[in-house]
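User: I am new to this structure and would like to learn how to read it. Could you take me through the main features one at a time?

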Amino acid sequence: MINKERYSFIFLAILAMLDQLIASLFGVDFTYSSLSLVSHLCFCGCLLVVFHERSLNRFLYACLCGLCVGMFFTSDWLVKMLLFGLFGWAIGFFQEAMDQDHWVQFGIVFLMMFANDLICFFGAKIFGYLTMSFVKWFIHIEALTLIFNGVVIFVLIYIITVFMRYATIKDIRFKRMEKLKMQNIRRK
Amino acid sequence: MRKFTRIQKRLLTTIVVLCILACAMFGLRQNSITNIGYSAWTYLKYGLIQYPLSSIGNAVNDFANLWHAYDDNEYLSKQLAEQKNYQTAYEDERNKNKQLEGLLEMKGGFGDAKTISVSVLERSSDSWLQTVTISAGKKQGVEKNMLVATSDGAIGLVESVQTMTSTVQLLTSQHLSNDIAIKMSLEDGTSVEGVLQSYDTEKKAYRVSLFDNDAIVTKGQKVATSGKGGNYPSGILIGEVKDVSLNDDSIISTVYVSPVSNMKSFDYCLVIGKEESK
């Protein structure tokens, strides 16, 4: 039987590393002379992994994920923990709609990623860390980020769907084997 | 009261431990005494996560740059090949410029003489030392038997004239149709006259017959046109004396004169005629 939690943790760790790799390959241009992108692989992956869980589990899984990312990869562990937790908990409200259609899954995760970026931007603006205008930020950073992560969400949905099917098949086989073993024991 | 499940307890414990650890690290960072602890944590974080990731990123970047290096190499190779072409083009233009400058300087020294600047249109390899076609004809005022000279000196006579072009018989031609009257200034202040009759292919020099057998001619003396006879003024350099051949029983001595230096290759020349020939 597959331990889904363990695989989810490894999957999210790989996504967090990929985020860092993409950040080092395509760093943000702080002169804002060209377009930049910020990878949200781990954030989107986390939302797609936890939305099936119960509300408290969702929140705790997402908080832990944000905390690990913030501690080991960036230095904003508290902000990451709260944002991951908030969106991880909030995505559960759309659980039924997301189970019905992949497009809905895509749409909700995409909107939440955008909302996460908006909160970060306006937060930084309110606390005085950023002075650039919304339009400039949207054109130079957010536009390409949305396009890139939009494609990435589709890829993540595909990977998670394939993994879930594989896990289900494995579960069914395992249960069959258990059943056969039980039958054999009874015959003896 | 609601009880937490086992997984929730585990998650909560992990979160609390990590939060305490993160707060401790944050606190340590503020305290200068405990820099060692913070440095150790930073070193671990850098060594285990950030350094390997940035190394992978750099490796990918280096690999991507290989393609750029290949493109750069291709571009530079093309540039190098073009550079060679530019260099030869530059050399060619520089030579032409030099010739034109020489001609301009020469043109100013003829006073009333009629001069027409022309370029060489064709010089066939079959008759390289025989004829050339120049870019001026009747319309520009070229007439038969006018002298053609480069910046170094005389090179030929106009043989035939068309409307826009003319054919020039070079002085190195074996069948020179007209003799050219020449004059040599001697060291004692006198001068000796003669006629350029033909070109000796063996000696690679003009055969010039002097009318004064007693004249003392030495190698290196300049030979120029005398202006007597022909449709050109006097004083145009023909060449330098290369060899002298004296016959006791003859009233005429033969002098061999080497042609001007750029006879073998030239792009521009002057057609020179007397003012009366207009």
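Analyst: Let us start where the chains meet. Chain B and chain A bury about 2000 Å² between them, and 78% of that area is on carbon and sulfur atoms. Keep in mind throughout that this is a predicted model.

User: How many residues does each chain bring to the contact?

Analyst: Chain B contributes 23 residues and chain A contributes 21 residues.

User: How many salt bridges and polar contacts cross from one chain to the other?

Analyst: For a salt bridge, a side-chain nitrogen of Lys or Arg has to lie within 4 Å of a carboxyl oxygen of Asp or Glu. Across the interface of chain B and chain A, that rule finds zero salt bridges. For polar contacts, the count between the two chains is one residue pair, with both residues at pLDDT 80 or more.

User: Which elements of chain B give two or more residues to the side that touches chain A?

Analyst: They are α1 (6–30) and α2 of chain B. The element that gives the most is α1(B), with eleven residues. Sorted by class, this side of chain B has 15 nonpolar, six polar and two charged residues.

User: Next, the overall make-up. What secondary structure does chain A have?

Analyst: Chain A has seven helices and zero strands. Read from the N terminus, its elements run α-α-α-α-α-α-α.

User: And what is the make-up of chain B?

Analyst: Chain B has two helices and twelve strands.

User: How do I read contacts between residues that are separated in sequence?

Analyst: Take the contacts between residues at least 6 apart in sequence, and ask what share joins residues at least 24 apart. In chain A that share is 68%. In chain B it is 60%.

User: Back to salt bridges. How many are there over all chains?

Analyst: A search of the whole structure finds eight. One of them is in chain A, where A:D76 pairs with A:K80 and the closest N and O atoms are 3.4 Å apart. A:D76 has a relative accessible area of 29%, so this residue is partly exposed. A:K80 is partly exposed too, at 21% relative accessibility.

User: Which residue forms a salt bridge with B:E91?

Analyst: The partner is B:R94, with the closest N and O atoms 3.1 Å apart. Both residues lie in helix α2 (residues 35–107) of chain B, and because they are three residues apart there, about one helical turn separates them. B:E91 is partly exposed at 32% relative accessibility, and B:R94 is partly exposed at 44%.

User: What does a salt bridge between two strands look like here?

Analyst: The side chains of B:K222 and B:E240 meet in a salt bridge at 2.9 Å, N to O. B:K222 is in strand β9 (residues 222–225) and B:E240 is in strand β10 (residues 237–245) of chain B, so the pair ties together parts that are 18 residues apart in sequence. B:K222 has a relative accessible area of 48%, which makes this residue partly exposed. B:E240, at 33%, is partly exposed as well.

User: Where does B:Q221 lie, and is this residue buried or exposed?

Analyst: B:Q221 lies in the loop between β8 (205–210) and β9 of chain B. At 9% relative accessibility, B:Q221 counts as buried.

User: What does the side chain of B:Q221 reach, and which residues is B:Q221 in contact with?

Analyst: The side chain reaches the backbone nitrogen of B:T218 at 3.2 Å. Leaving aside neighbours within four places in sequence, the contacts of B:Q221 include B:M184, B:S185, B:L186, B:I216 and B:G239. Also among them is B:E240, the residue that meets B:K222 in a salt bridge.

Methods
Residues numbered from 1 in each chain as written. Chains lettered and ligands numbered in written order. Predicted model: local features only at pLDDT ≥ 70, side-chain atom pairs only at ≥ 80, totals over all residues. Heavy atoms only, no water. Buried < 20%, exposed > 50% of the residue type's maximum accessible area, 1.4 Å probe, protein only. Helix = DSSP H or I, 4+ residues; strand = E, 2+ residues; numbered from the N terminus. Contact = heavy atoms within 4.5 Å. Buried area = accessible area lost by both parts, 1.4 Å probe. Polar contact = N/O pair within 3.5 Å; in protein donor to acceptor, adjacent residues only side chain to side chain. Nonpolar A, V, L, I, M, F, W, Y, C, P; charged D, E, K, R; others polar.
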